[in-house]
Amino acid sequence: MFNRTRCLQITAALASISLLAGCGLLSEEDDGEAKRIVVGTTSAPSTLDPAAAWDGSWELYRNVYQTLLAFPTGSTKPQPDAAQSCEFTDAANAAYRCTLRKGLKFSNGEPLDSKAVKHSLDRIRTIGSKVGPKDLFGSLDKIEAPDALTVVFHLKTPDATFPYVLGSPAASLVAPKDYPADKVRGDGKVTGSGPYVLDSYKEGAESVLSRNGSYTGFANRRNDAVTIRYFTDSTKMVSALKGKEIDATYRGLSAPEIRDLQSPESHNQGVQVVENVGAEIRYLVFNPKDPAVNKLPVRQAIAQIIDRGALVSKVYQGTAEPLYSMVPKGVVGHKTPYYDQYGHADVEKAKKILKDAGINQPVELTFWYTTDRYGSSTADEFTELKRQLDESKLFKITLRSQPWKAFQEGYKNGEYPIFGRGWFPDFPDPDNFIAPFVGKENAVGTPYEPANILNDLLPKTRRESDRSAGVREFEQAQQTFAQDVRLLPLWQGKLYVAAREDIAGGERALDPQTAMQMWELYRKTSW
């Protein structure tokens with residue numbers, strides 16, 4: 001998220017509903033549970049410890065933990081939060097210094113000082129969780145705390161994106177007394193300094209939050225309390241919204257459910273929908289450990305067969321659009337290399353690719369997906385992918401699935417030959433749609449080390465504070481992705497917040513990581 005006047009504006013709403021703008025006065029004077037906002041989501045935390053999660057857990061983290069920098073609504077450049085100020089101290093973008101706000105405290109009373117910052121970020125690398133955010137800190141060499149309010153980050157190589165990492169929930173600050181330096185906290189509690197404190201947590205069920213009275217930061221809280229309820233079935237979540245059991249929903253709605261919620265009937269039932277510009281993408285990952293997938297022609301043939309238009313039309317019905325690059329539309333440097341190389345779906349071309357390589361058909365493959373992370377449409381999506389590939393007679397596809405925790409462990413251990421993933425940006429910069437997928441250790445658990453990207457293109461772009469200056473290099477990186485077909489982008493989605501008509505703030509609630517900023521939601525009191 002970075003000089004990025006042209007970068008995507010994830011929080012820019014498309015004015016799909018007028019109710020949010022007006023009809024009534026706002027009030028924070030009501031007492032008791034009337035103030036509490038109840039939000040439903042299909043994205044339950046995988047852990048409460050930020051050292052061990054690089055996934056939808058960030059939605060909770062953004063609300064209970066603080067970061068040195070953050071992204072106020074509408075901002076694509078990080079602004080101070082726990083820090084009073086931050087800046088690079090050298091022209092090479094290799095040393096970064098932050099000065100903390102005075103008097104900050106965690107919810108247990110511990111001071112949030114430079115030693116706490118160093119502890120919070122050092123433990124991410126020490127613990128080294130396979131599913132944690134350690135790879136985002138790959139450019140970090142060491143952290144110094146010369147005095148209580150000063151933190152200096154020394155980088156191994158220049159990295160102009162480092163401030164954006166510090167503004168993401170990956171850099172959540174935790175209380176040293178409650179979070180061991182060398183292992184994940186496991187008592188089901190949170191000690192942070194964010195806008196809310198976690199009063200109680202039931203795994204897979206709910207998080208109960210209340211206003212943190214000692215919070216000092218950028219968030220302007222429009223409510224005093226929030227309960228986040230977790231659903232594995234979006235149908236039940238929609239029913240809860242219509243039944244007034246929850247006030248708002250976010251993440252995991254299927255296309256038919258979105259269309260239903262946008263209908264006049266739902267509007268008459270007191271439901272509103274806000275449509276937001278999105279950078280959410282879906283893609284396939286090919287694991288070279290599998291003997292069939294290791295063959296480039298097999299991957300190329302799959303890329304040649306898959307019809308994104310049919311996939312989006314049948315499964316997502318206007319809530320997504322075909323994607324031909326890992327860098328989505330709206331992000332600096334977006335190109336369409338997969339379309340340029342493979343064009344429209346063409347079974348005959350795919351057949352020739354396999355025949356020329358001497359590969360017998362049908363090629364038998366297993367596709368894996370998660371059942372409870374991205375919504376109920378995921379199963380329909382993979383059914384459609386199977387249909388397309390099976391009908392070509394060139395492939396015979398078996399579908400397998402797992403709940404998120406088991407699925408995540410499986411792909412990180414290299415157990416799946418081909419699997420589906422979603423990506424929500426850590427920050428809206430093209431670097432974040434390239435760098436996490438390359439390297440010996442990366443976000444998808446399958447080593448991929450293209451020399452030109454790792455040794456030339458990414459280092460060049462990270463020396464540029466003006467992120468648009470690296471467009472050429474990012475275009476070349478996208479081209480390499482398309483040539484290697486280790487990743488296959490499928491579609492780019494829109495983001496939707498559905499809420500009861502007395503709830504406002506949905507158009508401002510999504511930050512650049514697409515995590516919901518619960519403090520933006522509030523209840524109208526007159527009409």
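# Report on Pockets, Cores and Salt Bridges

## Basis of the report

Helices (H or I, at least four residues) and strands (E, at least two) are DSSP runs, numbered from the N terminus. The model is predicted, so local features need pLDDT of at least 70 and side-chain atom pairs count only at pLDDT 80 or more, while totals for chains, interfaces and linings use all residues. Residues are numbered from 1 along each chain as its sequence is written, and side-chain values use heavy atoms, with hydrogens and water left out.

## The largest pocket

A pocket is an open set of points on a 1 Å grid over the protein atoms alone, with protein on both sides within 12 Å along at least five of seven lines; a cavity is a set where a 1.4 Å probe fits but cannot get out; lining residues have an atom within 4 Å of a point. Points are joined across faces, edges and corners, and volume is the space filled by probe spheres set on them.

The largest pocket of this model has a volume of about 570 Å³. Its lining consists of 26 residues, and those nearest the centre of the pocket are D135, G138, L454, L458 and R462. Helix α13, which covers residues 451–461, provides the largest share of this lining, with four residues. By class, the lining of the largest pocket contains eleven nonpolar, eight polar and seven charged residues. (Ala, Val, Leu, Ile, Met, Phe, Trp, Tyr, Cys and Pro count as nonpolar, Asp, Glu, Lys and Arg as charged, and the others, Gly among them, as polar.)

## The enclosed cavities

The structure holds eight cavities of 30 Å³ or more. The largest cavity contains about 260 Å³ of space. Around this cavity stand 22 lining residues, of which G252, L253, I258, E280 and K494 lie nearest its centre. Four elements each supply at least two residues of the lining: α5 (255–261), β12 (271–286), α11 (377–391) and β17 (487–500). The greatest contribution to the lining of the largest cavity is that of β17, with five residues. Ten of the lining residues are nonpolar, eight are polar and four are charged.

The second largest cavity holds about 230 Å³ of space. It is lined by 19 residues, and W54, D55, G56, W58 and F424 are the closest to its centre. The elements that give two or more residues to this lining are α1 (58–64) and β16 (418–423). The largest share, three residues, comes from β16. The lining of the second largest cavity divides into eight nonpolar, five polar and six charged residues.

## The nonpolar cores

A nonpolar core is a set of buried Ala, Val, Leu, Ile, Met, Phe, Trp, Tyr and Cys residues joined through side-chain atoms within 4.5 Å. Buried means under 20% relative accessible area, exposed over 50%, and partly exposed in between (1.4 Å probe, protein chains only). The largest nonpolar core has 138 residues, and F153, L365 and F395 touch the most other members. Among the elements, β17 gives the most to this core, with seven residues.

Leaving aside residues up to four places away in sequence, F395 touches V298, A301, I302, I305, L354, P362, V363, L365, L389 and D390; contact here means heavy atoms within 4.5 Å. There is also a second, separate core of 14 residues, which includes A240, L241, L253 and V271.

Helix α7 (residues 296–305) is mostly covered, with eight of its ten residues buried. These buried residues are V298, R299, Q300, A301, I302, A303, Q304 and I305.

## The salt bridges

A salt bridge is a side-chain nitrogen of Lys or Arg within 4 Å of a carboxyl oxygen of Asp or Glu. By this rule, the model has 28 salt bridges. One of these joins the side chains of D187 and R185 at 2.8 Å, N to O. In this pair D187 is partly exposed, with a relative accessible area of 45%, whereas R185 counts as buried at 13%.

Another salt bridge links D260 with K242, whose closest N and O atoms are 2.5 Å apart. D260 lies in helix α5 and K242 in helix α4 (residues 234–242), so this pair ties together parts that are 18 residues apart in sequence. Both partners are partly exposed, D260 with a relative accessible area of 28% and K242 with 30%.

The side chains of K352 and D356 also meet in a salt bridge, at 2.7 Å, N to O. Both residues lie in helix α10 (residues 347–356), four residues apart, which is about one turn of the helix. K352 and D356 are both exposed.
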